[in-house]
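Subject: Structure handover

Hello,

Here is the structure I said I would pass on. My notes on it follow below.

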Amino acid sequence: MQYCLHLLPVNLKIKGTSRGCVLLFRSRNDSKQAPRRELVMTRQVANSIITFAKTWHPNEGILILQGKKKRHQIIVDGLVIPPFSSHGPYYSGFPVYELPFDLSYMGTAHSHPGGSNKPSPEDLNNFYGFVSVIISYPYEEETIAAYDRNGSDVPITIVDQ
Ligand SMILES: [Zn+2]
């Protein structure tokens with residue numbers, strides 16, 4: 001009987017057979033999928049993003065999300081207007097090096113005056129923080145979306161405080 005010991009991390013039980021190894025139990029961390037990252041924002045933050053986007057229309061506007069990380073949750077309860085930000089119809093940005101190092105900065109929110117709230121390649125290349133919020137025209141709660149560094153959707157929960 002042959003045991004495939006090289007496949008055997010701690011806490012893993014395998015049963016050797018003449019044909020190979022059968023995995024019986026996986027370690028606890030492997031058996032459960034890691035909880036998906038979630039963005040929780042206060043209604044006040046959501047409303048402020050909406051107002052800010054409308055103010056800058058037809059240009060893009062950009063804000064810094066302020067809050068904290070709690071396990072898989074990113075909780076945003078404040079917004080910061082980045083210094084020296086630039087705004088145009090197809091771009092918005094700010095020099096990251098001008099920002100103080102601040103652990104409460106969770107990411108950015110910016111507006112897309114066009115109809116799509118999908119991140120552009122530039123958005124992903126210039127990713128800042130843990131999460132990127134994009135709001136598209138006509139700037140309503142339903143047109144707010146959030147993405148992680150890979151461009152994958154991050155579900156948003158808006159909470160009343
Ligand atoms: Zn963008």
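Two strands are said to pair if DSSP finds at least two bridges between them. Helices (H or I, at least four residues) and strands (E, at least two) are DSSP runs, numbered from the N terminus. This is a predicted model, in which local features need pLDDT of at least 70, side-chain atom pairs count only at pLDDT 80 or more, and totals for chains, interfaces and linings use all residues. Residues are numbered from 1 along each chain as its sequence is written.

Overall make-up

The protein has three helices and eleven strands. Along the sequence they follow the pattern β-β-α-β-α-β-β-β-β-β-α-β-β-β. Of its 161 residues, 24% count as buried. Buried here means that 20 or more other C-beta atoms lie within 10 Å of the residue's own; exposed means 12 or fewer, partly exposed is in between, and C-beta atoms are placed from the backbone. Two residues are in contact if their C-beta atoms, placed in that way, lie within 7 Å. Among contacts between residues at least 6 apart in sequence, 55% join residues at least 24 apart.

The sheet

An open sheet is formed by seven strands in the order E10-E9-E8-E4-E5-E3-E11, with mixed pairing. E10 and E11 (156–159) are the edge strands, each pairing on one side only. From one strand to the next, the twist averages 30° (axes are lines fitted to C-alpha atoms, for helices over the stretch in contact, and angles run from 0 to 180 degrees between N-to-C directions).

Starting from the E11 end, E3 and E11 are parallel and share four bridges, where Met41 has Ile158 of E11 as its bridge partner. E3 also pairs with E5 in the parallel sense, over four bridges, and Leu39 has Ile74 of E5 as its bridge partner. Leu39 and Met41 make up the covered face of E3, while Glu38, Val40 and Thr42 are on the uncovered one.

E9 and E10 run antiparallel and are joined by four bridges; here Val133 has Ala146 of E10 as its bridge partner. E10 is covered on both faces, with Ile144 and Ala146 buried on one side and Ala145 and Tyr147 buried on the other.

The core

Which residues touch the most other members of the largest nonpolar core? They are Ile49, Leu63, Leu65, Val76, Val131, Val133 and Ile135, out of 26 residues in that core. At least two core residues each come from E3 (38–42), H2 (43–56), E4 (62–70), E5 (73–80), E8 (105–112), E9 (131–136) and E10 (144–147). H2 gives the most, five residues. A nonpolar core is a set of buried Ala, Val, Leu, Ile, Met, Phe, Trp, Tyr and Cys residues joined through C-beta atoms within 7 Å. In soluble globular proteins, nonpolar side chains tend to be buried together.

Leaving out residues up to four places away in sequence, Ile135 touches Ile49, Ile50, Ala53, Ala109, Ser111, Asn117, Thr143 and Ile144.

A loop residue

Pro95 is in the loop between E7 (92–93) and E8. Is Pro95 buried or exposed? Pro95 counts as exposed because there are 11 C-beta neighbours inside 10 Å. Pro95 and Ser85 are ten residues apart in sequence, with 7.2 Å between their C-alpha atoms.

Regards
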